[in-house]
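Me: I would like to learn how to read the features of a fold, step by step. Can we work through one example together?
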Amino acid sequence: SQRYRLAWEQFPEFKDWLTSHHNVYRAVCRICNKVLLADFTVIKAHATGRRHMYLAEKVTKGKQRLSTSRAETYLEENVEGLTVSSESGAMSGGAEGESSYKEDYDRNLADLNRSNSGAGGGGGGTASGPTQSSDSSQPNYTTGIYVPQQRNLPPAHNLSKAVVMSPAPNWKATAIVNGHVTRLDLSDYVGRYLILVFYPQDFSKICASEINALSDRSYEFRSIQTEIVACSVDSHLSHLTWSKLSRADGGVSLPKIPLIADPTHAIARAYGVLLPDKGHTLRAHFIIDKRGILRHMSITDTLVGRGTDELLRIVKALQYVDEVEEPVPADWTQPNE
């Protein structure tokens, strides 16, 4: 894995938006407010992405509008000062100074707008300062940093397709399995129970503790015909880097469970766990039985890690109910335990 290099910030195509991350294997785009893998190829691809280029153009135009607005304020202050002087001149017999100055003001402002228009690739500056678009997420024109604002979106659970006692939403994704990149499909697990675990992001202490705990006890789940798959919105390259990082360094050291990538947020949206304003998911898990029916789901705050013992107990309870076709009471444990 590649470490972040400060020299990249001097590259013309990176210098206006690239900065370091507290993790040396990551980088940050200040315009998109996005964490990237500290890989030159990944960063270069991000620079040519449609969303990044769109936001970069908005930031550039915003800076130009702000510059024009400041210039206008400066000129207006001078207009006011010279008007007084002109009025004084008029009292002494001359009004020509005021008329001449206003012409100079209009001409200077027009020249400034034309120069901004040329620099912005055709987007002419205005004298009214930054304008608000229909998107409430606006770049901060003074810093060039993209700051997401609260959007009027429906709650994530209202978009969920996950309904208990109904077929689980289907998914196909790129995954890291035993250090290798592969493709996984929900249908691959038909005939076995599956626990689909969502965690916010790679390189997080709580997330690492959860993945490591599930990995260490994966044999217990497999002994009862149950598989575990962990999912986050990170890319498969991020998963690969994290999976090869030792636990002492905050990694998960080749976990015994697959890590599936959901960079488009399609799976997270389908299961109703995406936080749109954060760009990552809540902590959640979904238990899907061997027929592909969703039997249990739990969604919780990102700051609280889940309990592996309780997860194992619920799977055993569901399997027991399937076998004996009788309900089980609170705090049920398997009879032979």
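Me: Which residue stands opposite isoleucine 195 in strand 13?

Reply: This is a predicted model. Strands of a sheet pair through backbone hydrogen bonds, either parallel or antiparallel. Here, isoleucine 195 faces isoleucine 287 of strand 13. Strand 8 and strand 13 run antiparallel, joined by five bridges.

Me: How many bridges join strand 8 to strand 9, and do they run parallel or antiparallel?

Reply: Six bridges join them, and the two strands run parallel.

Me: In what order do the strands of the open sheet lie?

Reply: The order is 7-6-10-9-8-13-14, seven strands with mixed pairing. Strand 7 (180–185) and strand 14 (294–300) are at the edges; each has a single partner strand, so one side of each lacks a neighbour in the sheet. From one strand to the next, the twist averages 25 degrees.

Me: How does strand 6 run relative to strand 7, parallel or antiparallel?

Reply: Antiparallel, with six bridges between strand 6 (residues 172–177) and strand 7. Find alanine 175: threonine 182 of strand 7 stands opposite.

Me: Which helices pack on the sheet or lie across its strands?

Reply: Take helix 4 (residues 205–216). It packs on the sheet and touches strand 8 (193–198), strand 9 (226–232), strand 10 (259–261) and strand 13 (283–288). Its direction makes about 25 degrees with that of strand 13. Then take helix 8 (residues 308–324), which lies across strands 8, 9, 13 and 14. Helix 8 runs at about 150 degrees to strand 8.

Me: Is strand 8 buried or exposed?

Reply: Buried here means under 20% relative accessible area. Six of the six residues of strand 8 pass, so the strand is largely enclosed by the rest of the structure. Check both faces: Tyr193, Ile195 and Val197 are buried on one side, and Leu194, Leu196 and Phe198 on the other.

Me: Which residues of helix 8 are buried?

Reply: An α-helix has 3.6 residues a turn, so residues three or four places apart point the same way. In helix 8 the buried residues include Leu311, Leu312, Ile314, Val315 and Leu318. Lys316 and Gln319 are also among them. Their cover includes strand 8, helix 4, helix 5 (218–222), strand 9, strand 13 and strand 14.

Me: How many residues does helix 8 have, and what does it reach from its first C-alpha to its last?

Reply: It has 17 residues and reaches 24 Å, close to the 24 Å expected at 1.5 Å a residue. Just after helix 8, glutamate 325 takes a positive phi of about 55 degrees.

Me: Which residue takes a positive phi in the hairpin of strand 2 and strand 3?

Reply: Asparagine 33, with phi near 55 degrees; four residues lie between the strands. Four bridges join strand 2 (residues 26–29) to strand 3 (residues 34–37), and the two run antiparallel. Valine 28 has valine 35 of strand 3 as its bridge partner.

Me: How much space lies in the largest pocket?

Reply: Rolling a probe the size of a water molecule over the atoms shows where empty space is left. The largest pocket holds about 1,300 Å³. Of its 42 lining residues, Lys34, Val35, Pro263, His265 and Gly279 are the closest to the centre.

Me: Which element gives the most to that lining?

Reply: Strand 3, with four residues. Other elements that give two or more include helix 1 (40–47), helix 2 (50–91) and strand 6.

Definitions and conventions: Residues numbered from 1 in each chain as written. Predicted model: local features only at pLDDT ≥ 70, side-chain atom pairs only at ≥ 80, totals over all residues. Heavy atoms only, no water. Pairing = 2+ DSSP bridges. Axes fitted to C-alpha atoms, helices over the stretch in contact; angles between N-to-C directions. Contact = heavy atoms within 4.5 Å. Buried < 20%, exposed > 50% of the residue type's maximum accessible area, 1.4 Å probe, protein only. Expected span 1.5 Å × (residues − 1). 1 Å grid on protein atoms, 1.4 Å probe; cavity = no way out; pocket = protein on both sides within 12 Å on 5 of 7 lines; lining within 4 Å. Points joined across faces, edges and corners; volume = space filled by probe spheres on them.
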